[in-house]
Amino acid sequence: MSLPNILFLMSDEHRADVAGFAGDAVVRTPTLDWLARTGVVFNHAYTPSPICIPARQAIAAGQLPRTCACERYGQDLPPFAMTFARRFTQHAYLTACCGKLHHSGEDQMQGWLHRPAGDLEVQPNFMPGRVEALFERYGKRPGTKWSDAKETLRAGVAPGPYQAFDEAAVAAAGRTIRQHFLDPYYDRPAPLRPLLLKVSMIQPHYPYFTSEDKFTYYLNRVTPYRDQPVFDHPFLSQRQVTVGVDGVTERDLRRATAAYYGMVETIDDHYATVLDQLRHAGQDLDDWIIVYCSDHGEMLGEHGIWEKQKFFEGSARVPLIIRWPKRFAPRVVEENVNLCDLFATLCDLAGIDLPADEATVRGAGLDSRSLVPLMQGDCSEWANETVSQFRGSNLMIKRDALKYQFYEADDCASQPEVLFDLERDPAERVNVIDEPGYAAAVAAFRHRRAALGFGPDAPAYRNAGYHASASLAR
């Protein structure tokens, strides 16, 4: 049996409920809706970290941020780390990534063989020598980020750097497809060699810019979050954007929301282009494994918060679709899953053995469980748990509808634990951590928290303790 081709579509900061297939009646996402209608949709998929770099390193390594030691923005996997791309390269795949990977260290490939377009850039903190001293001598580098209030104030109609980046990624994907399957000039196509093609957009990541046509379409159709009650917590209430503060008006929130919706539609258009390029090359998309996900979500003003970083659903929950109709009937999976699970899942789908523990980052093994049983409708052995981590001090564990959070930083000492019951409180406004009816669940969460390396009673940590074969937590 030949190895299947794989198309891995990825976006940045796509909120899980802003899609037609997720029930949003305003946004136009026909491509994602088609994938969802003909594929397997995971309604409760979560990011391993609600911020770009740790999330992407964790996805690549199939390990939680604590396991792969990438817990903060700016950290990277060690050079020549075992990523899912490297594992597929070891099994004869042509692995090509067009677009964002967000590796900031010396190894810009991290297992990929071909990167015709993307964010190949080593950050100064990875370079040898007295880099910081040179910055002091020749001038500090400028700040890299606007405030969240300014993000909403500047939102609207503009081409933007990320729009140009994504267009270049789509063009590179087209060149890769033509060369691999057609090569009309040198007549050296390699269609029998399996292809793992990742097309990774930056949108709908802020700044919130879109075209005039999309902006004007959404401006009077979106319903922005406004007059939102702020959750009283030292961390979960940070980064608020409040109407009447810093010059922000309700109109500004509407403009930012409209621009965000336009960006979501834009990535949908880009994915349609990639699929059309495959069809043009004579490919039957039913033969392909097609994955779509985003690295994390976007608060979009809910709870008064913009961007990400929080364990609220808007930030931590992500869209995830896997389509392979020749093996899996369309279905919706309600179990809790994690983007770290994609490593084991892709290997399982392709018939590739998982790497030995000693070959993984830090020799720690994988925190990755194959989703194939769930795709077949079998959840009998699934540990209905998912984990997310942030900055090495914040932890989320979700089991069934209960979402437990632990905040280890000193400024959260007054409220280190939060528990939401999403079945009872889907808006995440009531902390039930001290309610007697949840005492047994809280005790179990605290025990699991320690096993994940968080809290004063945590033993030496290695990994999350999953059985990759049975998908059960030890």
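Buried here means under 20% relative accessible area, with exposed over 50% and partly exposed in between (1.4 Å probe, protein chains only). This is a predicted model, in which local features need pLDDT of at least 70, side-chain atom pairs count only at pLDDT 80 or more, and totals for chains, interfaces and linings use all residues. Residues are numbered from 1 along each chain as its sequence is written, and side-chain values use heavy atoms, leaving out hydrogens and water.

Glutamate 385 and arginine 448 form a salt bridge, with their closest N and O atoms 3.0 Å apart. A salt bridge is a side-chain nitrogen of Lys or Arg within 4 Å of a carboxyl oxygen of Asp or Glu. This pair links distant parts of the chain: glutamate 385 sits in strand 12, arginine 448 in helix 13, and 63 residues separate them. Helices (H or I, at least four residues) and strands (E, at least two) are DSSP runs, numbered from the N terminus.

Start with the sheet around strand 12. Four strands make up this open sheet, in the order 12-13-14-15, and their pairing is antiparallel. Two strands pair if DSSP finds at least two bridges between them. Strand 12 (385–390) and strand 15 (417–421) stand at the edges; each has a single partner strand, so one side of each is left without a neighbour in the sheet. From one strand to the next, the twist averages 15°. Strand 13 (residues 394–399) is joined to strand 14 (residues 402–407) by six bridges. Methionine 396 has glutamine 405 of strand 14 as its bridge partner.

Helix 13 (residues 439–451) lies across strand 12, strand 13, strand 14 and strand 15. The helix runs at about 130° to strand 13. Axes are lines fitted to C-alpha atoms, for helices over the stretch in contact (heavy atoms within 4.5 Å). Angles run from 0 to 180 degrees between N-to-C directions.

Next, turn to helix 11 (residues 341–350). Nine of its ten residues are buried. Among them are Asp341, Phe343, Leu346 and Cys347. Glycine 351 follows helix 11, and its phi is positive, near 75°.

How many salt bridges does the structure hold? The total is 26. One joins aspartate 295 to arginine 56 (3.1 Å, N to O). Aspartate 295 lies in the loop between strand 8 (289–294) and helix 10 (313–316), while arginine 56 is in helix 2 (residues 52–61), 239 residues apart. Both aspartate 295 and arginine 56 are buried. Another salt bridge brings together aspartate 119 and arginine 115 (2.9 Å, N to O). Aspartate 119 and arginine 115 are buried as well.

A search of the whole structure finds two of 30 Å³ or more. On a 1 Å grid over the protein atoms alone, a cavity is a set of points where a 1.4 Å probe fits but cannot get out; lining residues have an atom within 4 Å of a point. Grid points are joined across faces, edges and corners, and a volume is the space filled by probe spheres set on the points. The largest cavity has a volume of about 90 Å³. Its lining includes Arg56, Ile59, Phe84, His103, Trp112 and Lys198. Helix 2 and helix 4 (84–89) are the elements that give two or more residues to this lining. Which helix gives the most? Helix 2 does, with three residues.

Key. 1 Å grid on protein atoms, 1.4 Å probe; cavity = no way out; pocket = protein on both sides within 12 Å on 5 of 7 lines; lining within 4 Å.
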